Amino acid sequence: MSREAILSAIRRGLRRGPLPPDQAAMLRGRIAAHPRHLIPARSRLPRAEQVALFVRNVEKEFGTVARLPDPSAVPGAIAEYLARQNLPPALVAAPHPDIAALPWADHPLLQVEHRAAREGDAVSLQHAFAGIAETGTLMFPSARERPTTLNLLPETEIVLLRASRIVGAYEEAWDLLRAENRDGRTGGFMPRNVMLVTGPSRSADIEQTLELGAHGPRRLHVLLVEDDPSARA
Amino acid sequence: MVHLTSPAFKANAARALSDAGLQKALARSKPQFQAKRAKAAAGLPEFEALRDIARDIKNHTLAHLDFYLEDYAAKVEAAGGTVHWCATAEDARAAVLRICRAAGARTVTKGKSMISEEIGINEHLEAHGITPVETDLGEYILQLRREPPSHIIGPAFHLNREDWEKSFRESHTDLPPDREFRERRDILAEARTLLRQKFLAADVGITGANFLIAETGSSVIVTNEGNGDLTQTLPRVHIVLASIEKVVPTLEDACVFLRLLARSATGQDFSVYTTFSTGIRRETDLDGPHEYHVVLLDNGRSNMVGTPFQDMLRCIRCAACMNHCPVYQSVGGHAYGWVYPGPMGSVLTPTLVGVEKAGHLPNASTFCGKCESVCPVKIPLPKLMRHWREREFERHLTPATTRFGLRFWAWFARRPTLYRWATRAAMATLGWAGRKRGAFAALPLAGGWTAGRDLPAPEGDTFMARYARQRREVRR
């Protein structure tokens, strides 16, 4: 049995048998407490500056950001963005209640399908669970209302993010997930998949020269809805 | 599988030095890799402190590796996944084939994985009628060219643009032969279009893992292209190839490594896609794989636990050591003759294939110490290479002339007065003989040095003589 062979070789190297119960309990305690380590000072800022840092970092990584006063402005901003990029007014959107609740009827020319992405979809609208200012990173935990393929198949990904969901460091985003998510299968908080996305897809495999749009989206556009008075610039 | 040519390191290195294409690629990449890392590290004031923390987390994990692996495996299974414990490369190949056959797989897409090179999974699948398709752009062209990777994160950095164009024209015969590649982007676009069809058609997706997380039973991949995510999201079956030292206890522990990894590797603050996969598609999910398998590989690593080489198990495969190594930067990755090149490979390869086959590698070092100084988990790479040299000597694997030379030197070194007298005489003689040119183009017993470059002539003094003189001056 490989399992026993591997474990006993490790224990032989460590010059001990299986961990005594008290030590195992201590390690389980460490996992349950999941202590934080050093968190970089760069994201420890007042709210408005934290949001500004997030925006700056998204742009540094070749993403784009539009700041919108409230959710009702989202469909219009999408129509305008697609027109500017010379893209047809059609998109596949995450079947998320926040997205379903947007005033789509105000823009009847926009064709919106609420589902997972398929080959041939040019534009997606995805729902961000959180934004991480430290590196301009978006967190997308998979769920029925947030299919993973929306992050991958279309050439253009538009992301809806509320400013109140921007945190400083990765650890704070994990704590939001721990607090808010329940996984039906494990009873824990971790869904099947969590993508941390920082800018559009890229490759530097050809002569170390950066090219955008390798296999995933070539464009990443964040619609930042200002729902947090303390975060306004 | 990468065919082992480490025993021919000297011949490989000589060939590499006269390979114009490789030298062009090295000259292009070296300043980029080093400057980008330096800038990224300088941009995070906590970088040095994080290196210490990262080292300590890995040491803690390795000291309890049996516990964390069992805990991790239990969490994977709770999320509907299966863990296949594999003591050897052969076990791992058999496990992957078994899963692919059960899935009725004809094509398998692959994200970048050094473990897959280590176990030679592509050849194994091909031999059994299953087509593996590499989807990382660099790995893809290497598969077309039937070449092994030459770098652990930039596998095809040794190729130039003309090589890409030539390989694409030769391989993509369905496309018009006279099409133009005006920019690098056109090469990328062609690969994107072709590989998209492969992603959609694949029955199984195989990825590696940068980390495994005991707390949640997650495997983590870090990529820029998004190929790994397409590989693991679209097919019905996802197989993760991971070695046992990849486990860390918690998400918070993983955050420390993630802050170091991209900065050390490519000089990015964070890679584009850092993805945590935990088990199978949930009942309500609209996408994701129906099967999730982790092929957990030992392949000699457990024997490193409790030895001086345990430090090597901290490695997170960032490639900073090779990017800063004067030897690697002169000969590239293929010369090392196996999966893992550069300083980390010089330590790891002898443990995995035997020092009798890979003894040249730990000897191919100038001991400048740069690798250790940039290693995000502070592996004492020069010290570990020295351990290999000692073991090689103890096991009488060192060539007779080298052994004789070392004995001869040791005999003198144990007699300080005689040693000083002899070196003084030798330095004075060489200084006098080389006084005109200041260097020697040839010298008896120094052919290994002078074949490729001049040997600078000593200035006539020994270190000890100069040291004594300076101390006298200071006292005065």
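Trainee: Which residue stands opposite Leu125(A) in E4(A)?
Mentor: A word on the labels: residues are numbered from 1 along each chain as its sequence is written, while chains are lettered from A and ligands numbered from 1 in the order in which they are written. The model is predicted, and local features need pLDDT of at least 70, side-chain atom pairs count only at pLDDT 80 or more, and totals for chains, interfaces and linings use all residues. Strand E2 (residues 90-93) of chain A and E4(A) pair in the parallel sense over 2 bridges, where strands (E, at least two residues) and helices (H or I, at least four) are DSSP runs numbered from the N terminus, and two strands pair if DSSP finds at least two bridges between them. Opposite Leu125(A) stands Ala93(A).

Trainee: And in E7(A), what is the bridge partner of His127(A)?
Mentor: E4(A) pairs with strand E7 (residues 156-162) of chain A too, in the parallel sense and over 5 bridges. In that strand, the partner of His127(A) is Leu160(A).

Trainee: How many of the 5 residues of E4(A) are buried?
Mentor: A residue is buried if 20 or more other C-beta atoms, placed from the backbone, lie within 10 Å of its own, exposed if 12 or fewer, and partly exposed in between. Val123(A), Leu125(A) and His127(A) are buried on one side of E4(A), and Ser124(A) and Gln126(A) on the other. The strand, residues 123-127, is therefore largely enclosed by the rest of the structure, and its buried count is 5 of 5.

Trainee: Leaving aside neighbours within four places in sequence, which residues does Phe257(B) contact?
Mentor: Two residues are in contact if their C-beta atoms, placed from the backbone, lie within 7 Å. With the sequence neighbours set aside, the contacts of Phe257(B) are Ala54(B), Phe211(B), Val248(B) and Ile316(B).

Trainee: Within how wide an arc do the buried residues of H3(B) fall?
Mentor: Helix H3 (residues 47-63) of chain B has 17 residues, and Leu50(B), Ala54(B), Ile57(B), Lys58(B), Thr61(B) and Leu62(B) are buried. The arc is that of the directions from the helix axis to the C-beta atoms. Seen down the axis, these residues line one face of the helix, so the arc that holds them is 130 degrees.

Trainee: Which exposed residues does the other face of H3(B) carry?
Mentor: The buried residues of this helix are covered by elements that include helix H4 (65-78), strand E8 (247-248) and H12 of chain B. The face turned away from the buried side carries Glu48(B) and Asp52(B).

Trainee: How many bridges join strand E7 of chain B to E10(B)?
Mentor: E10 (residues 291-297) of chain B is mostly covered, with 6 of its 7 residues buried. Strand E1 (residues 82-86) of chain B pairs with E10(B) in the parallel sense, and Cys86(B) has Leu297(B) as its bridge partner. E7 (residues 237-243) of chain B also runs parallel to E10(B), with His238(B) opposite Tyr292(B). The number of bridges between E7(B) and E10(B) is 7.

Trainee: Which helix supplies the largest share of the side of chain A that touches chain B?
Mentor: The contact takes 62 residues from chain A and 79 residues from chain B. Among the elements of chain A that each supply at least two residues are helix H2 (21-33) and helix H6 (170-180). The largest share, 10 residues, comes from H1(A).

Trainee: Is Arg146(B) buried or exposed?
Mentor: Arg146(B) is found in the loop between helix H8 (137-145) and helix H9 (161-171) of chain B. Its phi is near 55 degrees, a positive value in a residue other than glycine. With 6 C-beta neighbours inside 10 Å, Arg146(B) counts as exposed.

Key: The expected span of a helix is 1.5 Å times one less than its number of residues.
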